[in-house]
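This report describes selected features of one protein model.

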Amino acid sequence: MDKSKTQGPGKHRWRLVANMRRAVLMLFVFGQTGVASYYLLWVLPYHGGTALEIGMLALFAILYAWIAVGFWTAVFGFVVRLIGGDRHSILKRHPDAELQQTPMAKTAVLLPIYHEPVHWTLSGLKAVYRDIERTGQIEHFEFYILSDSRDPDVWLEEQVTWNRVAKELGGEGRIFYRRRPVNLNYKSGNVADFLRRWGKRCKYMVVLDADSLMTGSTIVRMVQLMQREPGVGILQTNPNIINGQSLFARIQQFANRFYSTLFATGLAAIQMGDAAFWGHNAILRIEPFMKHCGLRKLPGIGIFGGPIMSHDFVEAAYMGRAGYEVWLEPGLSGSYEESPPTLADELARDSRWAKGNLQHLWVMLREPGLRFAHRMAFLNGIMAYVASPLWLGFLILTTIAAANMTLSPIEYFPDGHQGLFPLWPEWRPEWALGLALSTLALLFFPKFLAVIDAVIHRYTKDFGGLIRLFCSVMLEIIISVLLAPVRMWAHSRYVVSALLNVSLQWAGQNRTEETSWKEALITQLPGMVLGAGWSAFAWSLDTMFFLWSLPVALPLILAAPTAVYLSRNSLGQALKKRRLLLIPEENTAMALLEDAVTYRAQEPADSTLTPLEQAVLRLDHNRLHQALAWDHRRGSRKAELELCVARCLELGPDALTRSEMSQIVRDRESLKALHEGAWRSVPSSFWGRSIARLSARAKDA
């Protein structure tokens with residue numbers, strides 16, 4: 001359907017504005033990259049006269065352009081905020097009074113989970129439910145917990161916790177739980193399963209992650225905007241990181257919260273209605289999503305074959321191809337997520353994202369009909385990881401060039417040079433210094449531009465005041481310099497592994513554990529050896545080259561202690577007490593965030609029994625799980641299930657594999673037989689001892 005027919009005149013004026021802005025951005029990026037590449041050409045001894053120097057120039061140009069895109073995006077954001085915001089954004093189109101009068105529509109709030117901390121995760125959903133309830137619009141929302149968990153102890157606990165939370169909220173008939181028996185296509189497959197079953201019940205769906213929190217007013221506002229903008233298929237918020245405890249998490253939290261004000265504003269102003277979808281903290285129009293955003297398996301080989309791992313950018317591109325708009329709206333505050341607590345956890349997540357983003361190369365090049373802006377979003381996501389091996393390649397070529405100049409005699413007739421006259425090598429150290437400074441400016445000037453923005457718009461006190469804010473920025477810069485080479489080395493390995501199609505294990509994220517010295521040394525040792533070896537080689541070549549190598553080599557050498565100390569909660573909390581790395585949400589009370597903290601602190605008393613043992617022995621749990629189970633006793637399956645039940649009753653759950661245990665606790669009759677048989681067990685058996693622990697716990701209570 002042509003969406004222009006459903007919208008009033010002038011609605012597509014934003015496309016002309018977006019094209020003009022993108023043209024200006026490309027002019028700045030390519031113009032600046034051309035000047036920088038010209039400088040590098042004359043810095044190189046043979047001015048691009050050798051294959052080695054041509055390779056260095058090509059890598060430098062690609063990387064410099066990519067950095068320049070980020071720089072000018074921040075500058076765009078600064079200018080847009082300076083003039084009072086983007087008047088073409090969809091939030092600016094509709095006054096508050098108009099939105100408040102907009103009728104609501106039935107909306108599903110989805111929480112896909114996979115082996116997450118159960119009480120912690122569902123307590124977050126409980127806080128979101130309460131906050132929507134405060135808006136007086138709860139009757140327009142339904143909540144769906146969509147589980148892909150495989151471990152019976154995890155999903156049995158999910159079912160009990162869901163039941164308890166629904167009763168506490170009075171949300172029976174409004175909060176639903178579904179666990180897929182077959183885990184296909186990761187999170188996107190989980191959402192697709194929901195849409196096949198319940199997609200026609202609601203007009204919109206708000207997708208959350210396990211660590212997502214969104215205020216009720218923001219969710220309601222998103223629904224109202226979608227009602228006013230029938231041509232919008234996806235509306236994406238800019239989630240801010242909160243609840244950081246470790247030093248690493250607080251660094252990430254501060255950087256996200258403070259710098260994203262400019263970057264998200266600039267990105268939204270450039271992308272406009274061709275924005276990306278980040279997979280969570282967004283609202284989607286269900287009908288076109290179901291019709292146009294189904295994900296086929298990639299038809300290629302290796303990494304470019306099979307299910308798409310990173311689905312969100314692809315879904316946004318398909319929505320745009322169908323004629324619907326995708327908007328990022330930074331003005332929608334009250335959208336939150338959490339950061340991995342350690343460097344190791346961030347890198348583990350990146351190993352999955354790297355493979356998913358590299359798959360987008362096939363979609364970007366082979367999928368017909370996609371909008372140019374969405375192809376560029378794919379390219380930007382790919383470069384987020386490919387930039388690391390490119391930087392590594394540039395450093396390798398630079399080292400080879402330095403070794404050639406030091407160890408080999410000067411070549412007056414280098415590769416490709418012909419003629420009667422020699423090519424004299426030239427050195428321009430002042431040009432090299434200027435080029436290095438310009439690269440550093442691209443990286444770090446946007447951070448100080450954010451400080452200027454905070455002063456202009458008078459929100460420095462939200463970050464602890466101007467002096468503490470400046471100190472926080474300097475601390476974040478130091479840490480980012482230490483982490484950049486570590487990430488470069490890790491991402492380079494991930495890209496190579498992805499291209500070799502090395503299989504990955506998907507698991508729930510760590511939310512609390514610190515990094516041990518043993519773990520840090522094991523995971524960071526290759527990079528530490530690389531850094532030390534490269535630095536020693538640089539020292540043997542030339543003192544100046546050794547000093548030039550230190551900004552990369554030294555962080556690699558210190559990677560293990562960096563990872564350990566950044567994971568420490570005590571260091572993060574010490575800085576918080578000194579009001580460093582502060583964010584506004586830590587200064588201003590918010591009902592949503594306070595509820596989340598309160599609910600998560602109310603974790604049920606530890607039981608001496610596992611969720612599986614409670615499912616068998618406790619009558620209330622057993623009946624709940626029976627109600628959610630199926631009758632699988634058909635044909636040969638009946639005899640198999642009966643044998644598994646008998647073995648479990650005789651020897652305990654450890655006598656069965658996880659798959660066998662999952663099968664019997666998914667079967668209604670097996671659950672009933674387990675409960676009845678366990679309570680008839682002799683005291684010396686596994687179940688007899690479990691009953692004794694349960695009875696002792698009941699007496700203590």
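## Terms and model

Helices (H or I, at least four residues) and strands (E, at least two) are DSSP runs, numbered from the N terminus. The model discussed below is predicted.

Three cavities of 30 Å³ or more are present in the structure. The largest cavity has a volume of about 60 Å³. Its lining consists of Ser188, Val191, Met205, Val207, Phe277, Gly279, Leu284, Phe289, His311 and Glu315. By class, the lining of the largest cavity comprises six nonpolar residues, three polar and one charged. At least two of the lining residues come from helix H7 (186-198), and at least two from strand S4 (204-207).

The second largest cavity has a volume of about 50 Å³. Around the second largest cavity stand Leu122, Leu125, Lys126, Tyr129, Ile145, Val165, Leu169 and Ile175. Helix H5 (118-134) and helix H6 (152-169) each contribute at least two residues to this lining, and H5 provides the largest share, with four residues. Seven residues of the lining of the second largest cavity are nonpolar, none is polar and one is charged.

## The seven-stranded sheet

Seven strands form an open sheet with mixed pairing, in the order S3-S2-S1-S4-S8-S6-S11. Strand S3 (175-179) and S11 are the edge strands; each has a single partner strand, so one side of each lacks a neighbour in the sheet. From one strand to the next, the twist averages 20 degrees.

## The three-stranded sheet

A further open sheet, also of mixed pairing, has three strands in the order S5-S12-S7. Its edges are strand S5 (213-214) and strand S7 (240-241), each with a single partner strand, so one side of each is left without a neighbour in the sheet. S5 pairs with S12 in the antiparallel sense over two bridges. Leu213 has Tyr336 of S12 as its bridge partner.

## The second largest pocket

The second largest pocket has a volume of about 860 Å³. Its lining is made up of 42 residues, and those nearest the centre are Arg81, Pro330, Gly331, Leu332 and Ser333. Elements giving two or more residues to this lining are helix H2 (51-82), helix H3 (90-93), helix H8 (216-228), helix H9 (247-271), strand S11 (325-328), strand S12 (335-337) and helix H20 (591-601).

Which helix gives the most to the lining of the second largest pocket? That helix is H9, with seven residues. The lining of the second largest pocket divides into 16 nonpolar, 18 polar and eight charged residues. Strands S11 and S12, which each give two or more residues to the lining, also belong to the sheets described above: S11 is an edge strand of the seven-stranded sheet, and S12 lies between S5 and S7 in the order of the three-stranded sheet.

## Helix H15

Helix H15 (residues 466-499) contains 34 residues, which at 1.5 Å a residue should span 50 Å; the C-alpha atoms at its ends are 46 Å apart, in agreement with that expectation. The expected span is calculated as 1.5 Å times one less than the number of residues.

H15 is bent by about 30 degrees at Leu483, and a proline, Pro485, follows within four residues. Beyond the helix, H15 is followed by Asn501, which has a positive phi near 60 degrees.

Note on methods. Residues numbered from 1 in each chain as written. Predicted model: local features only at pLDDT ≥ 70, side-chain atom pairs only at ≥ 80, totals over all residues. Heavy atoms only, no water. 1 Å grid on protein atoms, 1.4 Å probe; cavity = no way out; pocket = protein on both sides within 12 Å on 5 of 7 lines; lining within 4 Å. Points joined across faces, edges and corners; volume = space filled by probe spheres on them. Nonpolar A, V, L, I, M, F, W, Y, C, P; charged D, E, K, R; others polar. Bend = angle between axes of the 7 residues up to and from the residue. Pairing = 2+ DSSP bridges. Axes fitted to C-alpha atoms, helices over the stretch in contact; angles between N-to-C directions.
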